[in-house]
Amino acid sequence: MPSPTMRIAPSLLSADFARLGEEVTAVIAAGADVIHFDVMDNHYVPNLTVGPLVCQAIKPYAVKDGQSVPIDVHLMVKPVDALIPMFAQAGASIISFHPEASEHIDRTIQLIHSFGMKAGLVLNPATALNCLDHVLDELELVLLMSVNPGFGGQSFIEHVLPKIDAVRKRIDASGRDIWLEVDGGVKADNAERVGNAGADTLVAGSAVFSGGRYAESIAAIRTNALAGALARRA
Ligand code: DX5
Ligand code: ZN
């Protein structure tokens, strides 16, 4: 059996915004598989970050060995649709949005696909899984929040673990290759449990950027998460 996949997606929210291009280069050199780009509007969430112009500015840095590294845009904005063409233009690979922020979830997914991007739905800690009922087969990614969205550096909410397991089972039953990403408070010391619950893509902001040793932090998160994923199989 092939070894489990465990992608690490550093969140630029905890990077040095005055040196964003260099930070993207540094985390990719340190082993990042995906660049997680948090977009907040001071309306859907109580914080304000960056938009398509900054995504476009970092795009040339999101490369490894001549191949582009996916930019995973996490939209914490309401409404959603008007920003989708702009992020397509700015080089986004994946766009995820919160169901509460879109009037027409299916339409928003179709809009993301119409630009050739992958679509993800993001579930807050208290959002029920039934919002996946009629759209799971259209998604390339499910993003489970393990903090309430809006800020980096918050503590992991433990009751999300059984939810990760439940979504993993639904994805496996679908037979499709849908990424299961977990975002918020992920660190080396809980990565094993997150991997064991069934995640295959881990966002880590403060855990990667705050210590300054990017390669060490990414490797520790990945090693622990993979140990959890392997134990799940056993
Ligand atoms: C929170 C963001 C997260 C955040 C993660 O609203 O969606 O991506 O930056 O940061 P840490 O890993 O520090 O919780
Ligand atoms: Zn995020």
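Modeller: Rings of Phe, Tyr and Trp (its six-membered ring) pair if their centres lie within 6.5 Å; planes under 30 degrees apart count as stacked, over 60 as edge-to-face and the rest as tilted. By this rule there are two aromatic pairs. Phe37 and Phe87 have ring centres 6.2 Å apart and planes at 70°, so this pair is edge-to-face. This is a predicted model, where local features need pLDDT of at least 70 and side-chain atom pairs count only at pLDDT 80 or more, while totals for chains, interfaces and linings use all residues. Residues are numbered from 1 along each chain as its sequence is written, chains are lettered from A and ligands numbered from 1 in the order in which they are written, and side-chain values use heavy atoms, with hydrogens and water left out.

Biologist: Are Phe37 and Phe87 buried or exposed?

Modeller: Buried means under 20% relative accessible area, exposed over 50%, partly exposed in between (1.4 Å probe, protein chains only). Both Phe37 and Phe87 are buried.

Biologist: What is the geometry of the rings of Phe209 and Tyr214?

Modeller: Their centres are 5.2 Å apart and their planes at 70°, so Phe209 and Tyr214 are edge-to-face. Phe209 is buried at 7% relative accessibility, and Tyr214 is buried at 14%.

Biologist: Where does Arg7 lie?

Modeller: A charge sits over a ring if NZ of Lys or CZ of Arg is within 6 Å of the ring centre and within 35 degrees of the ring normal. Arg7 lies over the face of Trp179, 3.7 Å from the ring centre.
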